[in-house]
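Hello,

Here is the structure I promised to pass on to you. Please open it beside this email, and then read on for what turned up in it.

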Amino acid sequence: MANEHGLLDKLDRVLTPIGSKLGNERHLQSLANGMLFGLPFLVVGSFFLIFANPPIDLSRYDAHTANIFMQFMAGWKHFSVAHYDAITLPYNMTMGIYGIICVFGIAYELSKTYQRNAAMDGMMALTTFMMVTTSDTNGTLSMDYLGTNGLFIAIIVGLLVVEINRWIGRRHWEFKLPDSVPPMVTTFMNSLVPLTINIFIFYGANLFIHGITNKSFPAFITGILTPAVGIAGNIWGFLLIVTLGNLLWLIGVNGTNIVFPILFAIGVAQTGINAGLVSKGMDPTHLMNLQMFRISVLGGAGNTLGLVLLMMRSRVPKIRAVGRLSFIPGICGINEPVIFGLPIVFNPIIGIPFVLSPIITISLAYLAEKIGLISMGFIVDPSFTPFFAQAYMGTMDWRNIIFWTALIFVAMLVYLPFFKVYERSEQKEMMDNETESTKANDEENLNDAVNVEAFHKSQQSFSIQTRKNTTQINLNKANLFYNIQLE
């Protein structure tokens, strides 16, 4: 116990000042608050995505031997396939446009810190973002970069649009209108110049890059961030790519989407080779199969299901609420609610185990496959399926379910010391806010007490003066009566 507290104290001394300094920075606060702006949309959208992908492989389903539960699952699968577009529409309009929501939220929050017109700056950022990330083909807008794929572009646009508008405002490039003009007209007139300048800067940069590289600005950035495919076929290359993807998450880039084409393609190919060997009565031999990719995102990028379990029992109400909201999506490998809700993005304390945990769990899974403790994957299981279903469906081995569950607790242990440090800092901040609120209430109550006491004193003074006046009047009456009697 003493060693645990010593480690926590050391981590606290090293990491908390860094986290506090970064957390109080204006732009990073705006990023965190802006991404939290879209949290309800992520939560709702993730449930529709789960519903559209029931955990059953129809290629292995036999209607003649299936029990009532499997018949129900098959019926659910047929229904979801037949109505996939209708079921996933809420997802497309929530998680699918998360970039749009974030660019407005980030610009809005940053603009508020400068005491500007936050709504107008947010709308300018949103419009500029749409010009950079979408293309119009026969009246159809591309949505490739409107979701989490375009989040890095949303961060750039959201921050820079506000800074450009602020730079223009400091130079007073605006119309001087009389006070009799309605405020909305003034806002409209003074928005023309910054909107035009932002369009020239961002849309012009997009056209310039497209003219040189024949790629849009988001595709150009994604191409730079995508590592080479050839190194992913061995454990070291695989770990390098997974780590790169998780590091990108920490700066707001959807790292999973960037590395997914590489890891998924290699995983499927090697799983197919294993399937061929099994069909011939041989043992599978390729360790870097699709199961390894599933383990790299166990609970989502960074193995965050272990973190979610810690969050659900947190003493901080905000952390506990986000953890409970993230539990069911996390079981199915969807962790945007916790990444942007805690947040993990731009969080140096939680960022360390976020990168470290997948390295440990992948290494353990690799060793377990190598010594035969668990089976190698030879079946391509469906995505967005609960982890325990994926563990069984990919290998048809119950040992994999137990091992994957154990990996979640391993991830939880990796997160535990860092989470305690982060939770402690959040508790301290919460207590400081409560103390300030209590002091403000005490000062208000003290002022009220002073005012009441002054009122009572004034009442007492008034009562004494009234009694004096009454006594003087009575004396005057007595003197007048006495004089009349003498006369």
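Let's start inside. Val242, Gly245, Asn246, Gly255, Thr256, Val259, Leu263, Phe293, Ser296, Val297 and Ala301 line the largest cavity. The biggest share comes from H12, with four residues. Sorted by class, the lining has six nonpolar and five polar residues, and no charged ones. The volume of this cavity is about 70 Å³, and the structure holds one cavity of 30 Å³ or more. If you wonder how such a space is found, rolling a probe the size of a water molecule over the atoms shows where empty space is left. Please keep in mind as you look that this is a predicted model.

Next, the surface. Phe175, Leu177, Val185, Phe188 and Leu192 make a nonpolar patch of about 420 Å² there.

Now for some contacts between side chains. A pair of aromatic rings is described by the distance of the centres and the angle of the planes. There are six aromatic pairs in the structure. One of them joins phenylalanine 51 and tryptophan 76 in a tilted arrangement, at 5.7 Å centre to centre and with 35 degrees between the planes. Phenylalanine 51 belongs to helix H3 (residues 39-52) and tryptophan 76 to helix H4 (residues 68-82), so this pair ties together parts that are 25 residues apart in sequence.

Side chains of opposite charge can also pair when their charged atoms come close. A search of the whole structure gives four salt bridges. Among them is the one between glutamate 109 and lysine 112, whose closest N and O atoms are 3.7 Å apart. Both residues lie in helix H6, three residues apart, which is about one turn of the helix.

Finally, two spots in the backbone are worth a look. Most residues other than glycine have a negative phi, and most peptide bonds are trans. Glutamine 115, however, is a residue other than glycine with a positive phi, near 60 degrees. You will find glutamine 115 in the loop between helix H6 (98-113) and helix H7 (118-133). The peptide bond from leucine 342 to proline 343 is cis, with omega near -5 degrees. Proline 343 sits in the loop between helix H16 (336-341) and helix H17 (348-370).

Enjoy exploring, and write back with any questions!

Best wishes

Conventions
Residues numbered from 1 in each chain as written. Predicted model: local features only at pLDDT ≥ 70, side-chain atom pairs only at ≥ 80, totals over all residues. Heavy atoms only, no water. Patch = residues over 30% accessible without salt bridge, like charges linked within 9 Å, V, L, I, M, F, W, Y side chains within 5 Å. Areas by Shrake-Rupley, 256 points an atom, 1.4 Å probe, with all protein chains shown as cover. Salt bridge = Lys/Arg side-chain N within 4 Å of Asp/Glu carboxyl O. 1 Å grid on protein atoms, 1.4 Å probe; cavity = no way out; pocket = protein on both sides within 12 Å on 5 of 7 lines; lining within 4 Å. Points joined across faces, edges and corners; volume = space filled by probe spheres on them. Helix = DSSP H or I, 4+ residues; strand = E, 2+ residues; numbered from the N terminus. Nonpolar A, V, L, I, M, F, W, Y, C, P; charged D, E, K, R; others polar. Phe/Tyr/Trp six-rings, centres within 6.5 Å; stacked < 30°, edge-to-face > 60°.
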